[in-house]
Amino acid sequence: MSSTPVTWFEIGADRPDEAERFYTDLFGWAFEAQGPAYRQTVAGGEQGIGGAIRTLDAGSPNYAIFYAQVADVAETCRRAEAAGATVVVPPNTTPSGLVQARLRDPFGNLLGVFTPPAAG
């Protein structure tokens, strides 16, 4: 078993209604709106990892990305760069306290890393 779990995914779609319909029909996933541009899956836990569909601006490329939960986002970015990755979105903290970053691996694939907000 991996010591760094993949616990989140995100699908960027220029046609989010169609994307939601596709994944609902294909996998039975249900989504809840989390603002005008973000739809979060209501599955997770024993049923799989959580995720969301993000509405993209016109002209932005569609994407799918997974996120691994890590203890230290900045340190993970440093280690990834040393191993040949590029930091695409540097470590940043959301208003909820989630720390996240996006990387491009040496093969051109996007991946994300995050640390959840501190409990309490």
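Student: Before we start, what are helices and strands here?
Tutor: They are DSSP runs, numbered from the N terminus: helices are H or I over at least four residues, and strands are E over at least two. The model itself is predicted.

Student: Which residues of α1 are buried?
Tutor: P16, A19 and Y23. Seen down the axis of α1, the buried residues fall within an arc of 55 degrees, so they line one face of the helix.

Student: Why would residues a few places apart point the same way?
Tutor: An α-helix has 3.6 residues a turn, so residues three or four places apart do that.

Student: What do the buried residues of α1 pack against?
Tutor: Four strands: β1 (6-13), β2 (31-33), β3 (38-41) and β4 (50-55).

Student: Now the other helix. Which residues of α2 are buried?
Tutor: Helix α2 covers residues 73-82, and V73, T76, C77 and A80 are buried there. Their arc, seen down the axis of α2, is within 100 degrees, so these residues also line one face of their helix.

Student: And what is on the other side of α2?
Tutor: R79 and A82, which are exposed.

Student: Which strands do the buried residues of α2 pack against?
Tutor: Strand β6, along with β7 (99-104) and β8 (110-115).

Student: Stepping back, in what order do the elements run?
Tutor: From the N terminus on, the order is β-α-β-β-β-β-α-β-β-β. That makes two helices and eight strands.

Student: How compact is the protein?
Tutor: Its radius of gyration is 15 Å, close to the 14 Å from the globule rule for 120 residues, so the protein is as compact as a globular protein of that length. Of its residues, 31% count as buried.

Student: How much of the contacting is between residues at least 24 apart?
Tutor: Among contacts between residues at least 6 apart in sequence, 47% join such residues.

Student: Last topic, confidence. Where is it lowest and where highest?
Tutor: It is lowest in helix α1 (residues 16-27), at a mean of 90, and highest in strand β6 (residues 86-93), at 97. The protein averages a pLDDT of 89, and 92% of the residues score at least 70. Where pLDDT is low, the predicted coordinates should not be read in detail.

Note on methods:
Residues numbered from 1 in each chain as written. Predicted model: local features only at pLDDT ≥ 70, side-chain atom pairs only at ≥ 80, totals over all residues. Heavy atoms only, no water. pLDDT = per-residue confidence, 0-100. Buried < 20%, exposed > 50% of the residue type's maximum accessible area, 1.4 Å probe, protein only. Arc of directions from axis to C-beta. Contact = heavy atoms within 4.5 Å. Rg over C-alpha atoms; globule rule 2.2 N^0.38 Å.
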